[in-house]
Amino acid sequence: MRNVIAINAQASQSIIAAQATSDDMLLESIADGNRTSMHILYCRHNVRVYRFILRIVRDATAAEDLVSQVFLDVWRTAGQFQGRSQVSTWLLSIARFKALTAMRQRRFEDIDQEDVRQIPDGSDTPETSLDRSDTSAILRACVQKLSPAHREIITLVYYHEKSVEEVGQIIGIPQSTVKTRMFYARKQLAELLKGAGVERFAA
């Protein structure tokens, strides 16, 4: 019985230690086949990766499947991470590639905007969200009306808090292009918000 308690205590200490470890160190451990580190990394980032993918594919089931594929890739290729970006940036790069590949395979490039209503994130359409107490729902609905390129920029910068440099790394475009897209995305979003009756956010 004492041996079992000792083993459980040791396992608990190992998990606590892993939780306090940086993402970079977790990847090094994952590259060595450490499943506990893989579990910790997954718990830290799976929700962020899921939401990012969902905004691209707009299908909850497909997004869940792609999240699994992303972290399977992480398990297989952790040793290839070179530390030139944050781990979260690297994960979103993998997620973006997986999502876009899935969209091409399913020919989702021209998704009808009505599909936005199926996203289970609590957002609403501008027509049903004009109550000023629900401005966050109006904002999400307006973001969904942006072009795919502009929506991607806004999502990475404001929802995932990525820098211009990190956005460029994820999408694979120059920083100057990121800045240009951001300028026009914000301009378009301001117009949409104004049209939805949210003047103070559009300013």
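Visitor: Which exposed residues does the face of helix 4 turned away from its buried side carry?
Guide: This is a predicted model. Helix 4 covers residues 60-77, and its buried residues are Ala62, Ala63, Leu66, Val67, Val70, Phe71 and Val74. The face turned away from that buried side carries the exposed residues Thr61 and Arg76.

Visitor: Within what arc do the buried residues of helix 4 fall, seen down its axis?
Guide: The residues concerned include Leu66, Val70 and Phe71. They line one face of the helix, because the arc within which the buried residues fall, seen down the axis of helix 4, is 165 degrees.

Visitor: Which residue caps the N-terminal end of helix 4?
Guide: The cap involves the backbone nitrogen of Thr61, with a side-chain oxygen 3.1 Å from it. Thr61 is also one of the exposed residues on the face turned away from the buried side. The residue that supplies the capping oxygen is Asp59.

Visitor: Is Arg106 buried, partly exposed or exposed?
Guide: Arg106 has its place in helix 5. Not counting residues up to four places away in sequence, Arg106 touches Asp59 and Ala62. Buried means under 20% relative accessible area and exposed over 50%. The value for Arg106 is 35%, so this residue is partly exposed.

Key: Residues numbered from 1 in each chain as written. Predicted model: local features only at pLDDT ≥ 70, side-chain atom pairs only at ≥ 80, totals over all residues. Heavy atoms only, no water. Helix = DSSP H or I, 4+ residues; strand = E, 2+ residues; numbered from the N terminus. Expected span 1.5 Å × (residues − 1). Buried < 20%, exposed > 50% of the residue type's maximum accessible area, 1.4 Å probe, protein only. Arc of directions from axis to C-beta. Polar contact = N/O pair within 3.5 Å; in protein donor to acceptor, adjacent residues only side chain to side chain. Contact = heavy atoms within 4.5 Å.
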